[in-house]
Each structure stands twice: as C-alpha cells, then as structure tokens.
Amino acid sequence: MTTTKVKTVKNWIDGAWVEASTADTEVVPNPATGEAIAYVPLSGERDVEQAVASAKRAYETWKTVPVPERTRYMFAYLEQLKKNREQLAQLITLENGKTIKDARGEVQRGIECVELATSTPTMMMGDALPDIASGIDGSIWRYPLGVVAGITPFNFPMMVPLWMFPLAIAAGNTFVLKTSERTPLLAEQLVSLMHEVGLPRGVLNLVNGGKAVVNGLLNHPDVEAISFVGSEPVARYVYETGTANGKRVQALAGAKNHAVVLADCELDKTVQGVIGAAFASSGERCMACSVVAVVEEVADAFIEKLTAETKKLTVGNGKNDEHFVGPLIRQSHKDKVVKYIEQGVEQGAELLVDGRNATSEEAGYYLGATLFDHVTPEMTIWQEELFAPVLSIVRVRDLEEAIALTNRSRFANGAVIYTSSGKAAQHFRNAIDAGMVGINVNVPAPMAFFSFAGNKASFFGDLGTNGRDGIQFYTRKKVVTERWFN
Ligand code: NAD
C-alpha cells in the first residue's frame with residue numbers, strides 16, 4: 001500500500017480548514033484497489049467543542065437572516081453541485097467503490113435534496129385562522145432549533161449529508177456534520193462547494209472522526225437535535241442517548257428489504273428489477289433487496305432466469321462502465337459477509353451462485369453477486385442485514401404467506417411487490433409493515449419531496465428525513481392566540 005503524497009483531510013470549523021486536535025488518523029483506501037487515497041483524522045472532544053461553539057455563535061445572526069435570503073444560498077449551491085456533477089460522481093466511486101453509474105445516480109438524488117431545500121420558504125410556512133373566538137386570531141409559526149448535528153454512513157456519502165444540512169440550514173439552523181470516517185473526501189467537497197457560494201462562517205461545520213465525535217455531539221448541551229443515518233445498533237444507541245440528553249433525534253437504521261413475486265408478474269421485468277435492487281451498489285444500500293419471497297407456482301421459472309442473469313454480472317473496479325458489481329467498502333466487511341455465506345450453506349440454504357469465486361485483476365474487496373435458494377426465516381442470512389450483493393430466495397404458497405413472513409422481520413424499511421393484480425397490490429400496501437412500499441418498482445426510495453424513513457428497527461424517531469417530515473424535524477412551532485384592544 002503506497003502512503004506517499006496521501007493527504008490527511010482537515011476539519012472545517014468556523015469558516016476555515018483546520019487540523020484536528022488529535023494525532024490519531026485512519027487510512028482511507030480505495031476499495032477497488034486497496035491503495036491509500038487519504039488519511040482521516042479521528043477528531044476528539046476539543047474539535048467538537050470548537051465546531052459547536054462556532055455554530056452557536058453563527059446561529060445568533062443566521063436565524064435572523066430572512067428565509068428567502070437563506071434559501072438563495074441553496075439555489076447557488078444547487079448550481080455548484082450541477083457544475084461539478086461528474087467530479088462528484090468520480091469521487092464517490094473512488095472512495096466508496098460503487099460503480100460510476102450508481103454514483104451518478106447518487107449525485108442526482110443528492111441534487112434533488114438541495115432542490116427541496118430551495119422551497120423552504122413555502123415549506124416553513126405556518127397556519128393561521130382568524131376569529132377563533134370573538135376578536136381572537138389563532139396561528140402557528142415555525143422557528144429554527146439552533147445547532148443541529150448530522151451523523152452519516154459510508155454508503156451514500158453525498159445523498160445522506162444532503163438529506164440533512166441544506167434543509168436544516170435553509171430553515172435557519174446552523175450545522176455540525178460528522179460524516180463516515182470511511183468516506184471523508186466527498187464530505188470535504190460538499191463543504192468546499194458550500195464555502196464557494198459564500199455561506200457565512202460557522203453556519204456549516206465539518207468534524208471528521210468516529211465514535212468520539214458522535215459521543216461529543218450526543219453529550220453537548222448546545223446541540224439541539226441530531227439527524228443520524230447508519231446501522232441499527234448505532235442508530236438505537238444514538239436515539240437513546242440523544243433523547244436521554246433532551247435532544248430531538250431522528251435515527252434511520254439498518255434494513256432487510258423484501259420483494260414478493262407473484263405468479264402474474266411480468267417475469268422478465270421482475271428478474272431485471274430484482275437484479276438491480278439486490279446487486280447494484282454491491283448491495284450496500286439501505287433499500288437493497290435482500291430477500292425475495294416467490295410463490296411456488298412461478299418459483300422455478302423465476303429462479304431459473306434470475307440465476308442465469310446473476311451469473312452474467314461482471315465484478316470489478318466501478319470506474320469502468322462495464323462492471324455491474326463494484327467492491328465492498330472494506331476487507332473486514334467482505335470477511336464478515338463471507339462468514340454469512342458460509343453460515344447460509346451450513347444452515348441448509350442452496351447456494352445457486354457463489355460470489356466468493358469472483359475474481360478481479362485489482363486487489364480490491366470484491367465479492368460477486370451471490371444467490372441462495374430455499375432460505376427460511378430461521379436462517380441467519382434471512383434475519384440479518386448483510387449489506388452485500390447476497391440475495392436469499394424463500395418459496396411461499398401465496399401472497400398471505402409472503403406478507404406474514406416478511407412482517408416477521410425485525411426490520412421494516414422497504415418492501416416491493418411484483419404483480420399485475422391491483423387487488424393483490426392494494427392488499428400488500430395495506431398489510432405490509434415497511435415504511436416505503438414499491439409496486440412493480442424495484443427500489444421504492446421516495447423522491448426528496450416525500451419523507452424517507454422505515455418502521456420497526458429500521459427507524460428510531462417520529463419524523464423522517466426530507467419532505468414535510470424534514471422541515472418539521474428542523475423547526476419548532478409556536479401556536480399563538482392573540483387579541484388586540486387597540
Ligand atoms: P455505521 O452505523 O457503522 O456508521 C454510521 C455512523 O455512525 C458513522 O458516522 C460512524 O462513524 C458512526 N458510528 C459507528 N459506530 C459507532 C459507535 N459505536 N458509536 C458511535 N458512533 C458510531 O453505518 P455504516 O456502516 O457507515 O452504514 C451502513 C448502515 O447504514 C447500514 O446498516 C444501512 O442500512 C444504514 N443506512 C440506513 C439508511 C436508512 O435510510 N435507513 C440509509 C443509509 C444507510
């Protein structure tokens with residue numbers, strides 16, 4: 001691994017790039033090659049302290065900047081992001097490993113979040129009703145919260161931070177961002193581009209690091225609210241600690257997303273849909289399909305086609321357009337997934353396509369698309385989030401069994417049905433636990449003007465990200481009842 005000329009990223013605090021106060025760093029490898037592309041500082045409490053203090057100072061002025069003016073920064077930011085679209089996508093591929101096609105898709109979804117933030121004046125409006133009693137008017141007003149923190153995962157290094165800070169800032173809050181220590185370069189770019197549009201100092205701060213930074217934010221009395229996206233155990237911890245400390249918290253967590261395939265589906269489209277949902281971005285998506293419940297009547301035909309198509313998927317460096325499956329984020333993650341595959345075999349599932357055999361000329365963390373048949377809910381591969389290109393097939397009698405089985409999962413993020421029956425689709429929509437439901441739609445990730453969140457162990461909190469939930473999360477309301485005598 002070459003370590004020459006590899007920079008250590010800095011924190012962005014109070015309008016300047018500054019070195020972290022600690023000497024600890026972690027290497028950031030390109031997952032496609034294993035080569036070091038950066039070092040990330042593991043910042044400490046002092047860095048958090050400085051960032052929050054800066055955000056707190058900035059808030060006193062920022063909250064008084066008229067909302068259309070705050071929003072204009074988002075219009076300018078939008079242009080910056082669009083202008084740098086391709087460089088951002090390439091950076092995502094470099095540090096996250098997802099293919100350039102998937103990275104371009106992520107850039108677009110991120111841009112859409114900033115588009116949402118440009119509608120803040122409308123979204124932030126309250127309500128009013130005159131004459132609620134004789135001579136008395138009632139109204140609701142929305143105000144920002146203060147200093148808000150965002151803690152984000154590695155798998156969407158652009159989109160997930162953009163779920164948070166544009167809307168929070170446009171609503172009048174100031175922000176401290178703690179992105180994944182595994183993908184610090186994209187965060188650096190997001191902040192730099194914001195700096196270029198002239199956002200006043202202290203309104204957006206970036207502190208690199210891991211657990212110590214998260215704990216610093218969770219325990220800081222001046223942090224009013226925390227937006228978190230990441231794995232289930234950490235989401236639970238962040239929610240419990242943050243709320244115990246009196247903060248408003250939204251914590252979007254892990255997932256195990258199910259698809260249900262009925263006999264009357266469009267078979268070829270369903271196979272292609274499931275392939276994309278399960279194996280794109282190497283399955284490292286909170287909305288990735290990881291279990292298919294297929295009814296017996298169509299199971300053999302579906303599985304035969306799915307197996308043939310899965311075997312065609314090429315694995316390799318995501319910067320080359322021809323590859324469908326890029327590397328996993330780290331060798332340690334690949335090792336964990338390989339163990340899950342071994343467990344699947346030991347527990348009696350039938351391994352139809354074995355991604356462990358995938359080869360690449362480069363020394364990245366590659367795992368090919370993997371397909372299991374005859375999986376049951378008792379198996380670990382059915383229960384746990386693998387976060388990898390591993391798909392489990394469960395054979396079911398009918399729709400009722402598919403729904404009952406899917407609802408046994410402790411997760412409930414996304415769920416999809418493939419059918420040509422309106423009645424079946426309607427029943428599925430009503431009976432399934434998932435927070436985001438797809439009907440003949442492969443990945444039912446909502447557009448930014450809708451809210452985004454799962455149910456059960458996939459989400460801790462009340463208000464999701466984006467859409468109306470997002471603006472409600474980042475504002476507190478006052479209900480005013482008023483009477484005037486002169
Ligand atoms: P992760 O939980 O390991 O890390 C998320 C954040 O938490 C990072 O910033 C990390 O530094 C911090 N963190 C990690 N361990 C911590 C600890 N012990 N204490 C305090 N902070 C800690 O998640 P990840 O591996 O980066 O991302 C993948 C996970 O995120 C998957 O489970 C995926 O489903 C989930 N995710 C969920 C959604 C959603 O909308 N529900 C979206 C994207 C990703």
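How many residues surround the ligand, and which are the closest? The ligand is surrounded by 27 residues, and the closest are Pro-153, Gly-230, Ser-231, Gly-254 and Cys-286, where a residue is near a molecule if its C-beta atom, placed from the backbone, lies within 6 Å of it. The model is a predicted one, in which local features need pLDDT of at least 70 and side-chain atom pairs count only at pLDDT 80 or more, while totals for chains, interfaces and linings use all residues. Residues are numbered from 1 along each chain as its sequence is written.

**Ligand shell and domains**

The shell around the ligand consists of 13 nonpolar, 10 polar and four charged residues; Ala, Val, Leu, Ile, Met, Phe, Trp, Tyr, Cys and Pro count as nonpolar, Asp, Glu, Lys and Arg as charged, and the others, Gly among them, as polar. The protein chain is divided into domain 1 (11-254 + 454-481) and domain 2 (257-409 + 414-439), with bounds that come from an automatic or database domain assignment. Each of the two domains supplies at least three residues to the shell around the ligand.

The C-alpha centres of domain 1 and domain 2 are 31 Å apart, and 21 residues of domain 1 are in contact with 25 residues of domain 2, contact being defined as C-beta atoms, placed from the backbone, that lie within 7 Å. On the side of domain 1 that touches domain 2, the elements giving two or more residues are helix 3 (85-96), helix 4 (100-117) and strand 20 (455-456); helices (H or I, at least four residues) and strands (E, at least two) are DSSP runs, numbered from the N terminus. Helix 4 gives the largest share of that side, three residues, and the residues of the side divide into five nonpolar, 11 polar and five charged.

UniProt lists Cys-286 under "active site"; UniProt positions are given in the numbering used here, feature names are shortened, and annotations may be inferred rather than shown by experiment. Cys-286 touches Ala-255 and Asn-413, when residues up to four places away in sequence are not counted.

A residue is buried if 20 or more other C-beta atoms lie within 10 Å of its own, exposed if 12 or fewer, and partly exposed in between, with C-beta atoms placed from the backbone.

| Residue | Loop | C-beta atoms within 10 Å and class |
|---|---|---|
| Cys-286 | between helix 10 (267-279) and strand 13 (289-295) | 27, buried |
| Asn-466 | between strand 21 (459-460) and helix 16 (467-473) | 24, buried |

Most residues other than glycine have a negative phi. Ser-281, however, has a positive phi near 50 degrees, and Asn-466 has a positive phi of about 65 degrees although it is not a glycine.

**Packing of helix 2 and helix 6**

Helix 2 (residues 67-83) and helix 6 (residues 159-170) pack at an angle of about 145 degrees with their axes 8 Å apart; axes are lines fitted to C-alpha atoms, for helices over the stretch in contact, and angles run from 0 to 180 degrees between N-to-C directions. Arg-70, Thr-71, Met-74 and Tyr-77 of helix 2 make the contact with Pro-166, Ile-169 and Ala-170 of helix 6, and these residues divide into five nonpolar, one polar and one charged.

Note on methods: Contact = placed C-beta atoms within 7 Å.
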